[in-house]
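Please read each one with the structure open.

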Amino acid sequence: MRASGWLAVVLIWFLLFNYFSLVAQDKPAQIAVLSKAGKNEIRLRWAPTTATSWLYLNKYGYIVERITIVKDNKLLQTPVGKTLTPNPIKPLPLDQWQPLVETNDFATVAAQAIYGETFEINESISTDIIQLFNKSKEQEQRYSFALFAADQAYLVARYAGLAYTDSTVLPNEKYLYRIISNVPAEIAEITTGTAYAGLEDYAPLPAIQNVKVEFGDKVALIYWDIGSYEGLYNSFLIEKSTDGGKTWASLNPMPVVFAFQSEAADKRQGFEVDSLEKNNRPYYYRVFGIDAFGEKSPPSKVISGSGFARVATPPNITDWRLTNGNVVLSWEHQKSSSLTGYRIERSSKETGPYITIQEVAASATTFTDKHPASVGYYRVTAFNSHSYKSSLPVLVQLEDSIPPLPPTDIQGHIDSTGLVTLQWRPNHEKDLVGYRVYRSNFKKAEFSQITRHLHSDTIFTDTINLKILNQYIYYQITAVDYRYNESSKSTILKLARPDILPPANPLLTLVQSNDQGIKLSFSGSSSTDVHHYEIYRKTPTETNWLYMATLPPADSGSWVDKNVQANTLYSYTIVAVDSAGNESNPSPVVSGSHIKTISRQTPERLQIKPDRNNNTLTVTWQFTGDAYQFKIYRSEEDAPLSIYGNIAGDQRGFKDHNVKPNKKYKYGIQAVMPNGLSSKLVFIEYKY
């Protein structure tokens, strides 16, 4: 026997892509089983998983055993077993195949695989395919082709000993079927295959969904979802009608098989290409699925459409010229009966968008634009009712020496990071190509261009340095056309830089006790934008500074802290704040106390004696009262006085070892009485 030419090509293709991937000689042999419930019968299909086991089973056969597991929806405590095949099932003898071979091409393939002396295909096929085919093992060839043919026709599977129909089933029972190898164990051990089924499992095959068709020039591409039917349909049949669905004919002599080795199931699609006799004539298609039992699904929804002629080539613009202010285009194009005409299109940019300015007849080869733009890109598009093709664009520029008007309504904003956003009203000149932006730190200085290329938008961003003393920055903008004629500069836009620089520090110069409390004297910040001053205070036992007062610049110079307790040491600092809310660094801290006196007794006759050999200053005084201790204050140069130390009340002097030549020192002496009250603070100065 010899397979027909068309079937041979398909089967070789099938082998090359390993459609039925049961050839696995490196795994233990077993029998894979499928079951299908009908209305009154259960059909079984099986296949051994290796070519060697298939050869043995062809010789020794299969035993079909049925075990009743469930009856009347109850699990039987003692299942009932029955052998359905008194004699093992084997392929039918070769002489019984002849009637089926004459009507079924798949029977030809299966019989050749089982009984043929050689398995060759003597057709005019490419040398490479035959070489690859001949390299395959003959045993695996026979096995693969036989299983493929059995999948396409259930009757062929029965002839090949790979199927059985059980017509003795009852609707109230469910069964476990066992397909048992009759091969002696000493020859080959083949694992039994099983399937669980009952008549209640019957379900009609679903129709193929999502069938679509795309039409072209005398061609139709039919495609549909395959991944959703994986494991259900192993081949597909496409039918075509030319009379509105009254009669149908298959596109191919045999079902279409697809092999997918890597694609994900949700991406798998079947497809078939059909050549059409004529365009503009309706064609109708439908698709069927065929399962492993050879059963055909209901037809899919009918889809239809017509082929159409496409524009084959684009026009070619051969010439353009300017005549009395008009633009005259000329082109060449291969004419066809399907051509509807030409669109003359123009754009201000080469990349478009292109606007149709006129449609002309299919016989035209020239066009005159009587209202051209000063700069325009032209193209010619050939079209029909289904498709179009456009020529390459050509640039046409009219003579032009008139610049655009300068931009107007310029606005801007600078944020706290130095990002400048400019915006202006768009120009309306048709030949406008863009804008240039200029900037200067001074209104009367020369403006520098900051746009490296023409800016096509009417919003522009710039970045400037805020940490400079110039309070303002200035911008101007010009418009430019395609001939690079530039407008005059716009009006100047003045923008204020956000203030992020803190003011200079103020300085506390004196802390002094008076009858009202503690008086602070300070020199203000040298910055001109100071809005106010803030004074803060704390005691030695406090960790946080306490806000005390806000002073406007006009009141700067002094402030009295009236909310004090006598003989308590307070520390003070002052901060300058500008109109933008920027704060200076705090001034150096100074300290002082509010002193209440009990009498006129104060330290008197203060003297200072230097000792240049030992680099010291000795301060002495007289005091006639009974003192608990003396507080010593000191300042260097013109700095504020601060506490320097304490000595016992019976002492009338102290020696200062921490002095330097050519420095002016000021000392303050205050007596503290046993009852805690203090004398007035007396001072003495000395330049060492």
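1. In helix H6 of this predicted model, the buried residues are Gln141, Arg142, Tyr143, Ser144, Phe145, Ala146, Leu147, Phe148, Ala149, Ala150, Asp151 and Gln152. They amount to twelve of the 15 residues of H6, so the helix is largely enclosed by the rest of the structure. Burial here means under 20% relative accessible area.

2. As to its geometry, H6 covers residues 138-152 and reaches 21 Å from its first C-alpha to its last, close to the 21 Å expected at 1.5 Å a residue. An α-helix has 3.6 residues a turn, so residues three or four places apart point the same way.

3. Confidence should be kept in view. The protein has an average pLDDT of 87, and 91% of the residues score at least 70. Residues 1-25, however, have a pLDDT below 50, and in the model this stretch has 68 contacts beyond near neighbours in sequence. The pLDDT is also below 50 over residues 119-129, a stretch with 17 contacts beyond near neighbours in sequence.

4. Aromatic pairing deserves a separate point, as the structure holds 21 aromatic pairs. One of them joins Trp224 and Phe258 edge-to-face, at 5.9 Å centre to centre and with 75° between the planes. Trp224 belongs to strand E9 (residues 219-225), while Phe258 lies in the loop between strand E11 (249-250) and strand E12 (269-275); the pair therefore ties together parts that are 34 residues apart in sequence. Trp224 counts as buried because its relative accessibility is 0%, and Phe258 is buried as well, with a relative accessible area of 15%.

5. A further edge-to-face pair is formed by Tyr233 and Phe236, with 6.3 Å centre to centre and 75° between the planes. Tyr233 is buried at a relative accessible area of 7%, and Phe236 counts as buried at 4% relative accessibility.

6. Which aromatic cluster includes Trp224, Tyr233, Phe236 and Phe258? These residues form one cluster together with Tyr229 and Phe271.

7. Two placements of charge over aromatic rings may also be inspected. Arg66 lies over the face of Tyr175, 4.7 Å from the ring centre. In the other case, the charged end of Lys666 sits over the ring of Phe683, at 4.8 Å from its centre.

Methods:
Residues numbered from 1 in each chain as written. Predicted model: local features only at pLDDT ≥ 70, side-chain atom pairs only at ≥ 80, totals over all residues. Heavy atoms only, no water. pLDDT = per-residue confidence, 0-100. Contact = heavy atoms within 4.5 Å. Helix = DSSP H or I, 4+ residues; strand = E, 2+ residues; numbered from the N terminus. Expected span 1.5 Å × (residues − 1). Buried < 20%, exposed > 50% of the residue type's maximum accessible area, 1.4 Å probe, protein only. Phe/Tyr/Trp six-rings, centres within 6.5 Å; stacked < 30°, edge-to-face > 60°. Lys NZ or Arg CZ within 6 Å of the ring centre and 35° of its normal.
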